[in-house]
Each structure stands twice: as C-alpha cells, then as structure tokens.
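Subject: The structure, and some notes on it

Hi,

Here is the structure I promised to pass on. Could you open it alongside this email and follow the notes as you read?

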Amino acid sequence: MGVDSGLPDFRGPEGFWRAYPALKHKGFGFTDIANPEAFRRNPRLAWGFYGHRLQLYRKTTPHNGFAILKRWAESKPQGVFVFTSNVDGHFQKADFAEDRIVECHGSIHRLQCAATCSDSIWPADDFAPDVDEENCLLRSPLPTCPACGALARPNILMFDDGDWQERRYEVQRENLRRWLGCVRRPVVIEIGAGRSVPTVRHFSESLGAPLIRINREAADASGATVSLPMNALEALQAIDPHAR
C-alpha cells in the first residue's frame with residue numbers, strides 16, 4: 001500500500017539494499033537489522049535504519065488510494081476496519097479512525113523499553129532522529145526508556161522477537177472483534193499482502209467473506225473471489241468509477 005506513496009519496498013534483498021546501500025556494504029539483509037539483537041549488538045546502526053524510516057514515514061504523504069478507500073467506507077452503514085501489517089501509520093495520517101485500525105506488527109510511531117522493564121508503550125513524537133544516511137548510523141542521542149533509562153526501541157514486531165510489547169495490539173484486536181460482531185455482508189479488500197509473512201493473507205481468508213486481492217507480484221486466486229495483478233493505487237482508481 002505504501003509503495004505508491006514513494007515508500008521503499010523491502011521484498012527481496014535487492015529492494016532492501018537499494019533503499020539502504022550502507023547495509024549492503026556491511027553484508028546486512030533485512031532480517032539482520034530488523035530484530036531485537038541488532039539493538040543489543042549495535043544500537044546506533046539499528047536506530048540508523050529505524051530512525052531513517054521514522055523520518056521518511058513522517059514526511060511522506062499517503063497517496064490518493066487511501067482517500068478512495070475512506071470514501072467507499074463512509075458510504076457503508078458500519079464503515080471500515082483496517083487490518084494492516086504496515087508500521088508506517090499512514091492510515092491514521094489519512095484520517096482513518098484510530099479505533100478502527102489493527103496494526104498487527106505494531107507501529108514505528110510508538111516506543112517500548114528494549115530491556116522490557118515493563119509493558120509500557122509510549123509515542124515517539126519527541127524523538128527526532130538525525131541519521132548519517134551514508135553509513136546508516138544515528139548521530140543524535142539514542143532514545144531511552146523514561147522508567148529505567150535503558151535503550152528504547154520501536155514497538156514493532158521484528159524477526160525472532162520475544163520482547164515485543166503487544167498490549168496496544170491486543171486492544172486493537174478487541175476493537176476489531178466487536179466491530180465484526182456488528183457488521184453484515186463484509187467485503188475484504190486485500191492490498192499488497194505477500195506470502196513470505198502471510199499474516200494479512202491468513203486474516204483476509206479467515207473471515208470467509210468476498211475477497212478482492214490486489215497484488216502485482218502475487219495475485220493468485222487461491223482463497224480470493226477476485227484477483228487483480230495491479231499496484232494499489234492503479235487498482236483502486238480502476239475500481240472507483242464502478243463502486244457503489
């Protein structure tokens with residue numbers, strides 16, 4: 001969903017390394033930097049990666065596909081509920097209601113204690129990372145836990161992550177459960193959900209509802225009612241004149 005806003009696509013090592021050539025030179029792939037051990041091993045490198053992403057997501061404007069989805073939802077009796085593995089916060093930025101969003105992998109706009117002193121999660125609003133992009137290193141002070149002073153990390157579910165604080169996610173899932181209990185004849189529009197980490201695909205198919213799968217690389221029809229091998233914005237704009 002975010003690629004059409006100009007955000008990088010990390011699928012495959014080449015896409016990741018195009019966005020972060022400094023990590024290619026160090027021999028790091030996505031799974032090497034997107035894990036809790038990276039924060040223990042080299043926190044300035046880990047925060048160089050996540051700090052750059054945080055600033056990128058903050059300054060990027062969500063594309064018009066978000067507005068199209070929101071307009072469709074506003075015409076329905078129970079509106080819309082978003083289930084996303086994106087951590088960029090762009091559904092909130094596009095004015096989708098906070099209590100109608102599940103971020104199943106967390107959010108880069110929230111922090112937690114890397115030492116897990118508690119289950120606290122707090123906004124990253126006061127953290128303004130200054131990143132040496134050439135070397136992917138954080139230059140500004142490392143963020144710390146307000147309770148114990150240890151390093152803070154993003155409240156994102158990483159690879160091999162037993163430390164992710166999921167209290168916020170659990171509240172979101174309960175909101176979704178209640179909403180699903182009120183709706184009739186839901187339709188799922190699944191956008192860009194891949195197979196390598198199939199959380200969103202499994203959720204989409206689990207509802208047993210009509211499913212429109214939009215995915216340029218992997219629009220297989222298994223489990224889908226309609227499959228469109230298109231980019232997100234392209235597909236939503238094509239559907240829009242026919243939406244009721």
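Below are some notes on one helix, a loop residue, a set of strands and the salt bridges.

First, the ground rules: this is a predicted model, in which local features need pLDDT of at least 70, side-chain atom pairs count only at pLDDT 80 or more, and totals for chains, interfaces and linings use all residues. Residues are numbered from 1 along each chain as its sequence is written, and side-chain values use heavy atoms, with hydrogens and water left out.

Helices and strands are DSSP runs numbered from the N terminus (helices are H or I, at least four residues; strands are E, at least two). In helix 6 (residues 64–74), the buried residues are Gly 65, Phe 66, Ile 68, Leu 69, Trp 72 and Ala 73. Buried means under 20% relative accessible area, exposed over 50%, and partly exposed in between (1.4 Å probe, protein chains only). Their cover includes helix 7 (90–93), strand 8 (188–191) and helix 10 (232–239).

Asp 240, in the segment after helix 10, is in contact (heavy atoms within 4.5 Å) with Ile 68, Arg 71 and Trp 72, leaving aside neighbours within four places in sequence.

Phe 81 sits in the loop between helix 6 and strand 1 (82–84), and at 12% relative accessibility it counts as buried. Not counting residues up to four places away in sequence, Phe 81 touches residues including Ile 101, Val 102, Leu 176 and Trp 179.

Now the strands, which pair if DSSP finds at least two bridges between them. Strand 8 pairs with strand 9 (residues 211–214) in the parallel sense over 4 bridges, and Glu 190 has Arg 213 in strand 9 as its bridge partner. Strand 9 is also joined to strand 10 (residues 226–228) by 3 bridges, again in parallel.

A search of the whole structure finds 15 salt bridges, each a side-chain nitrogen of Lys or Arg within 4 Å of a carboxyl oxygen of Asp or Glu. One of them links Glu 205 and Arg 213 (2.8 Å, N to O). Arg 213 counts as buried, at 0% relative accessibility, whereas Glu 205 is partly exposed at 36%.

In helix 8 (residues 167–180), Arg 178 and Glu 174 lie 4 residues apart, about one turn of the helix, and their side chains meet in a salt bridge (3.5 Å, N to O).

Best wishes
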